[in-house]
Amino acid sequence: MEKVIIIRYSELHLKGKNRGWFERVFAVNMEKSLKGTKHEIHRHSGRYLIENFNEKDIQLICDKLKKVFGIHSYSVALKVSTDMDEIFKAAKEVSFKDGSFKVETHRADKSFPLNSMQISAEIGGRLLDINEKLKVDVHNPQFIINIDLRENGTALVFNEFFKGAGGMPVGTSGKGLLLISGGIDSPVAGHMIAKRGMVLEGIHFHSYPYTNMQAKEKVIELAKTLSVYTCGMNLHIVSVTHIQEEIHKKCNGDYMVTLLRRFMMRIAEQVAEKCGAQCLITGESLAQVASQTVEGMTSSNSVIKNLPVLRPLCGFDKDEIIERSRAIGTYDISIQPYEDCCTVFLPKHPVTRPKLADVLAEEAKLDVDKLLNEAMATLEIIKI
Amino acid sequence: MIYLDNAATEKPDKKCITAAEKYLFEEYFNPSGLYKSGYNLHLELKEARRNILTRIADENNFSLVFTSGGTEADNQAVFCGGRRGNVVTTSGEHSAIFSAVNELKQRGIEIRFANLNSDGSVNEEHLLSLVDEKTSLVSVIHVNNETGAINDIFSIAQKVKEKNKYTLFHSDGVQAFGKIAFKLNNNIDLYTINAHKIGAIKGCGGLIKKKNLQIKPYLYGGGQEQGLRSGTENVFAVKCFEFAALDRYSKLEENYKKVSELNKTMRKLLDSELFTVLSSENASPYILSIAAKGVRGETILHEADDNGLIIGTGSACSSNQKKRYSRVVLSCGVDEITADGVLRISFSPENTLEEVKAAADILNKIVANRKRIMA
């Protein structure tokens with residue numbers, strides 16, 4: 001009896017003529033995720049089977065699959081021939097030692113002499129014969145033995161469904177550029193968008209020498225953690241030191257964050273165009289901090305020329321974001337105490353509801369194009 | 001590259017490492033082995049122990065337990081010395097003591113912190129007022145690792161013993177050993193030393209303890225180090241430590257004079273318009289704490305680094321505003337703006353006057369430029 005893993009996918013069945021393409025991307029992503037572990041992936045009507053792996057790797061493979069978007073659920077199953085004795089042996093194997101159960105059968109192979117109900121009854125009866133501690137309960141069973149008869153003369157027998165990461169395969173929804181700060185929010189925002197099938201690239205702004213190398217390293221660590229879900233990632237790193245110094249020198253200090261965010265958005269849009277990203281993604285959550293008011297967003301959004309800006313966390317509370325960041329494994333990295341560029345030159349009383357006219361008046365004191373070009377010249381790309 | 005962060009660690013002394021090399025590749029045996037090669041190493045360790053210990057203490061009254069470094073020795077002193085009542089220490093301790101006593105507090109021991117004088121030395125009077133009949137341990141840093149202030153631990157220990165003769169007295173001597181002249185006396189029960197601050201390698205240190213003092217082990221296992229610190233001895237590191245200690249103590253005075261000269265030159269050359277010197281005149285010359293008013297220390301550190309000068313800050317970087325400043329520097333009564341600009345320059349006898357002159361020049365230029373930008 002060979003162990004296999006059954007992979008069921010989420011919404012791919014909703015797709016029409018594109019379905020083949022979706023399925024191919026999905027398979028490639030699974031291959032990437034399982035790279036380095038012996039296995040074979042085969043597609044069988046509406047699901048994938050992972051076969052020919054070493055049994056000791058089963059936990060490792062399942063852990064990796066949990067991070068592949070597009071998987072709705074998966075099961076570890078025994079693969080046997082469609083011989084009733086063989087199926088019974090497998091059912092015996094996956095059965096609990098005691099408790100109530102039922103047998104559910106799917107019969108894709110309609111040429112099989114027994115129908116689904118008859119197979120379930122036969123296998124269930126035989127199990128009861130050999131184990132007195134089992135009893136049948138079709139309404140509220142403690143476990144279910146699933147029997148899946150495939151067209152190719154094999155049967156899959158299993159007793160559990162594990163929840164997958166859900167979503168769409170990464171690579172089926174275009175490419176986005178994530179503004180990643182080193183805080184808790186932005187990796188969560190990236191994760192949510194990647195879950196809907198988007199390939200991510202990251203952009204990080206630093207203010208060396210006002211901030212240190214550890215802050216940058218922290219962002220690289222965050223990107224690494226995120227890249228497991230996104231099948232790799234490029235991280236673009238840009239220095240905004242001189243921009244902050246110029247704002248500090250020439251503008252009203254209370255507008256530091258407001259003005260800086262406008263520069264960040266402009267730089268991000270330029271980088272996005274360079275790397276082929278079709279949207280920007282930020283970790284902004286409405287009203288979380290001074291700059292994340294709707295007025296603040298209006299101010300930073302108004303510099304964007306073409307791209308949509310996705311802000312998936314807008315409706316989340318901080319504790320909801322923290323919960324997600326723990327689940328994806330970025331929380332412990334995010335809380336390391338290294339400052340990102342936002343806290344240097346931080347005003348005591350930042351403007352919380354900036355009026356666009358005032359912002360523009362402050363910004364007029366700066367040579368915006370020159371500062372942008374200088375910042376773009378510091379661009380460094382790290383392949384994660 | 002000019003390296004002036006010697007209080008963090010010193011460049012290993014090549015001749016000490018070379019001399020100890022044979023303990024890596026030839027004499028690699030376990031000193032607990034009963035065969036001759038093992039036994040010989042046991043004797044080598046004994047010699048190293050004696051040679052290091054006798055630089056600062058009488059071997060009839062003191063013994064030395066090798067540890068993985070200063071932090072472990074400090075932890076052993078705290079957790080094995082402060083087992084009941086209250087523990088008195090200073091606000092100027094290294095984190096190895098500070099964090100350890102905070103853990104002790106979690107375990108139900110009362111911790112009392114003595115205030116500092118403006119130069120970072122402990123306020124003796126305040127410290128003594130905290131000692132009572134229930135004090136099980138007093139720990140006072142010998143040379144403050146941020147300001148270089150020297151505490152007169154011998155006078156303090158004597159007064160502590162006069163108040164409560166059962167109180168154990170510990171001192172963290174990591175920045176004193178091999179740098180300033182002193183001899184331990186009977187009022188000192190426990191004393192921490194470290195190898196890599198005097199040109200040996202990292203991962204090695206020791207806790208000197210009075211011979212008749214009974215303390216519990218901190219690590220349990222095979223019973224090495226008189227049962228007080230189990231774990232196979234790092235013979236190579238210990239021998240490096242021995243050679244470095246012998247070397248440093250053979251020219252202690254000469255080094256002291258040289259480093260004092262470097263320190264004085266640095267003080268003279270730093271622009272007094274830009275920098276405030278926090279270390280007092282009679283601090284250890286090996287450490288010079290300065291502050292650039294209005295410019296963050298870490299920013300200067302990075303820029304100096306980019307210009308080929310390595311120095312330290314007095315502050316640990318943290319986005320938590322309360323933690324951004326060094327707790328030690330704040331305890332000296334320094335305001336937050338000054339504390340934000342604290343830098344630590346620390347010398348070794350290997351540094352030269354030319355290096356110091358160049359370093360002062362770099363620092364003056366950086367801070368003048370930053371002030372212009374930040375103004």
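Predicted model: local features only at pLDDT ≥ 70, side-chain atom pairs only at ≥ 80, totals over all residues.
1. Domains of chain A. The assignment for chain A gives domain 1 (2-163) and domain 2 (175-383). Taken over C-alpha atoms, the centres of these two domains of chain A are separated by 44 Å. The contact involves four residues of domain 1 of chain A and six residues of domain 2 of chain A. On the side of domain 1 of chain A that touches domain 2 of chain A, one residue is nonpolar, one is polar and two are charged.

2. Domains of chain B. Chain B is also divided into domain 1, here 2-9 + 252-374, and domain 2, 14-249. The C-alpha centres of the two domains of chain B lie 27 Å apart. To the contact, domain 1 of chain B gives 22 residues and domain 2 of chain B gives 23 residues. On the side of domain 1 of chain B that touches domain 2 of chain B, the elements giving two or more residues are helix H9 (252-269), strand E10 (287-292) and helix H12 (327-331) of chain B. By class, the residues on that side of domain 1 of chain B are 11 nonpolar, 10 polar and one charged.

3. The largest nonpolar core. This core has 105 residues, and those touching the most other members are Ile208(B), Cys240(B), Phe241(B) and Ala244(B). Helix H8 (residues 235-250) of chain B contributes the most to the core, with nine residues. Both domain 1 (2-9 + 252-374) and domain 2 (14-249) of chain B supply at least three residues each to this core. For Ala244(B), the contacts beyond neighbours within four places in sequence are Asp13(B), Cys16(B), Ala195(B), Ile198(B), Gly199(B) and Ala200(B). A second, separate core has 86 residues, including Val68(A), Ala155(A), Ala189(A) and Leu226(A). As background, nonpolar side chains tend to be buried together in soluble globular proteins.

4. A helix pair in chain A. Helix H5 (residues 185-195) and helix H10 (residues 318-328) of chain A have axes that come within 9 Å and cross at roughly 70°. Because angles of 65 to 115 degrees count as roughly perpendicular, H5(A) is roughly perpendicular to H10(A). H5(A) makes the contact through Asp185(A), Pro187(A), Val188(A) and His191(A), and H10(A) through Ile321(A), Arg324(A), Ser325(A) and Ile328(A). The contact of H5(A) with H10(A) has four nonpolar, two polar and two charged residues.

5. Backbone points to check. Most residues other than glycine have a negative phi, and most peptide bonds are trans. The bond between Tyr208(A) and Pro209(A) is a cis peptide bond, with omega about 5°. Pro209(A) is placed in the loop between strand E11 (199-206) and helix H6 (213-230) of chain A. Cys231(A), not a glycine, has a positive phi of about 55°. Cys231(A) is in the loop between H6 and strand E12 (234-239) of chain A. Gln226(B), likewise a residue other than glycine, has a positive phi near 55°, and its place is in the loop between strand E8 (205-210) and H8 of chain B.

6. Are Cys231(A) and Gln226(B) buried or exposed? Cys231(A) counts as buried because it has 22 C-beta neighbours inside 10 Å. Gln226(B) counts as exposed because it has 11 C-beta neighbours inside 10 Å.

7. Phe161(A). This residue lies in the loop between strand E8 (154-158) and strand E9 (162-163) of chain A. Phe161(A) has 14 C-beta neighbours inside 10 Å and so counts as partly exposed. Phe161(A) and Ser75(A) are 86 residues apart along the chain, with 5.1 Å between their C-alpha atoms. Not counting residues up to four places away in sequence, Phe161(A) touches Ser73(A) and Ser75(A).

8. Leu356(A). Helix H12 (residues 356-363) of chain A contains Leu356(A). Leu356(A) is exposed, since 11 other C-beta atoms lie within 10 Å. The C-alpha atoms of Leu356(A) and Glu295(A) are separated by 8.1 Å, with the two residues 61 residues apart along the chain. Apart from neighbours within four places in sequence, Leu356(A) is in contact with Thr298(A), Ser299(A) and Ser302(A).

Methods:
Residues numbered from 1 in each chain as written. Chains lettered and ligands numbered in written order. Axes fitted to C-alpha atoms, helices over the stretch in contact; angles between N-to-C directions. Helix = DSSP H or I, 4+ residues; strand = E, 2+ residues; numbered from the N terminus. Parallel < 35°, antiparallel > 145°, perpendicular 65-115°, else oblique. Contact = placed C-beta atoms within 7 Å. Nonpolar A, V, L, I, M, F, W, Y, C, P; charged D, E, K, R; others polar. Core = buried A, V, L, I, M, F, W, Y, C linked by C-beta atoms within 7 Å. Buried ≥ 20, exposed ≤ 12 C-beta atoms within 10 Å, placed from the backbone. Domains from an automatic or database assignment.
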